[in-house]
Amino acid sequence: MLNKKVLFVSSVVLSSIAVYTSNTISISAQAADIHVISQGDQLETIANQYGVTIDELMSWNELSGIEELSAGETLFVTDPLAEEVLQEEENILESTESSEELINGEVSTEESSLNTEVETEVLETHETITITQNIFTSEMNSHYVVKHGDSLWAIANANGITVAQLKEWNGLSSNYIYTGDRLVVSNPNVTAPETPQPDEPTPPEEEPENPAPTNYYTVKQGDSLWAIANANGITVAQLKEWNGLSSNYIYTGDRLVVSNPNVTVPETPQPDEPTPPEEEPENPAPTNYYTVKHGDSLWAIANANGITVAQLKEWNGLSSNYIYTGDRLVVSNPNVTVPETPQPDEPTPPEEEPENPAPTNYYTVKHGDSLWAIANANGITVAQLKEWNGLSSNYIYSGDQLIVSKTTNTPTDPIPVTSRSVYIDAGHGGSETGASFYGVHEKNLNLKIATQVADKLRAQGYSVFETRRDDRTVDLHQRDDLPNELKTDIFVSIHHNAMPAHLQGSARGILTLYHDRSIDEPGYNTLPHHTDQMLAEGKRLAQLLQQGMVESSGGIDLGARPQNLHVTRTTDMPAALVELGFMDNWSDFKNITDSVYQAKMVDGLVRGINRYFGV
């Protein structure tokens, strides 16, 4: 039964540059809403009911995967940690109740024409207090224009607010947003307090003669404490201590101390005679630039210039992986100078080469080198190169001397260079969910299998490249552009199957697809430069993948067959697309969502790739 209590409060808030608005503030007496599971509930239906995503439900309730929901159990349907929003709203309520005087202090609370009605509704499990108040507020609200690939969660997280706040402030009833939408990303109901003017100016404190310079950083959209600390060579704990932070929340525009404010620089003794300034080197290292083109990514640009993504982001002050067509990026170390070559007094005659020189066991790193390129050039694996040189990461620097051979004998034959590079494509992603059954999206199953296959292959010494390692939308044409640019040895696309609506549940099993000329059709023909030998290798790859998956999992074998698909038709290397099972068939669905069965499929795919390379 609904109980109501009504309380009248009068308030006036002044601002010299304000506009008159009507504001509604909702204060919840509990930190998170709870849904009691009914018979037949699924995560997808619960998420749609409360305007949240399945990933958010799984995060808030610490669900590790596809789990059967039982009637009577409870789920959090809002963030259970969002207590700060409650505290801010309670502070606003206290401020409203204390505002009882008008402009000249002559009109009493009872005579005020601006009344605030407080209506309390008490329900069985939830208490909500709604305060409707007329206030003045200045027009200083922050806005954000939606870009391609954005989501409510990403925008809210970047601006230190919750998805619920973002939807409330913008009157959104669903999670759908569109490119070009202009969203309010700060509370439109909060007024900026007037800065008090002191009676007399306070003289600034005298600076010490040689103060240690305190470095500051202004928070940008998308920043995190970890990224800022890492970019400035400090720890998150130091960053929080120096700025008096008790949580990990930061907001766009915050100015943070990023160097120790308590360190002083000792005074430099003055020499008797002035020291002449250092001369600029005659041969400064040129700084190379690259202009971003459509379809570029940080990884592709870094790889093309022989640097790491971390270096590319550091040299260009990037705090996220977003880049835009036309951006001009630094692609060489701007802090490196080329030393002038000293001129000897007399020319040194070159040393005579021995008739049978021993192999060079060391290699000096040059600008643009990478571990993969050095290992490939010397016929070894990246794992060997890192082991012999005690490297724990992939970072190398110009001038480093690396061991590239463990033998001191002169070989009679050259070392064969074997390329083993694989491109793994996780199908669909982002707004393209693929098939969806029983509350599960195909894109998530594809990504889980793809990342495990890639990690296992890397551990075996393969050079592995991936379309995506998170939930993002990838244009169909980008799925073949990058592997064609990288020129990997093979291409494997990972998918899960489903039958048309009128045949749902009628098929089971594992299937692998490849391309050949027999399935050409107008507008979708085999590319002119694709040879019969390459197509035959694609068929061989598909057959070995199919064989490996069926052996490992014991699943139903639907064989390897040709089918005209974009990714297998347009990639310039042997290519195959695997379908790991039918999501619309309940027996297959239980298998492909089971972690043990998934591990068997991963092992089968790795086994097939190893057999293709003769490993």
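**Exercise 1.** What percentage of the 615 residues of the chain count as buried?

*Solution.* The model is a predicted one, in which local features need pLDDT of at least 70 and side-chain atom pairs count only at pLDDT 80 or more, while totals for chains, interfaces and linings use all residues. Residues are numbered from 1 along each chain as its sequence is written, and side-chain values use heavy atoms, with hydrogens and water left out. Taking buried as under 20% relative accessible area, exposed as over 50% and partly exposed as in between (1.4 Å probe, protein chains only), 35% of the 615 residues count as buried.

**Exercise 2.** Identify the buried residues of helix 13 and the elements against which they pack.

*Solution.* Helices are DSSP runs of H or I with at least four residues, strands are runs of E with at least two, and both are numbered from the N terminus. In helix 13, which spans residues 478–486, the buried residues are R479, D480, L482, P483 and N484. These buried residues pack against helix 8 (298–304), strand 15 (421–426), strand 19 (490–497) and helix 15 (566–570). After helix 13 comes K487, with a positive phi near 60°.

**Exercise 3.** Is D481 buried or partly exposed?

*Solution.* D481 lies in helix 13, and because its relative accessibility is 46%, D481 counts as partly exposed.

**Exercise 4.** How far apart are the C-alpha atoms of Q49 and S174?

*Solution.* Q49 belongs to helix 1 (residues 43–50) and is exposed, with a relative accessible area of 52%. Although Q49 and S174 are 125 residues apart along the chain, their C-alpha atoms are separated by 9.6 Å.

How values were computed. Contact means heavy atoms within 4.5 Å.
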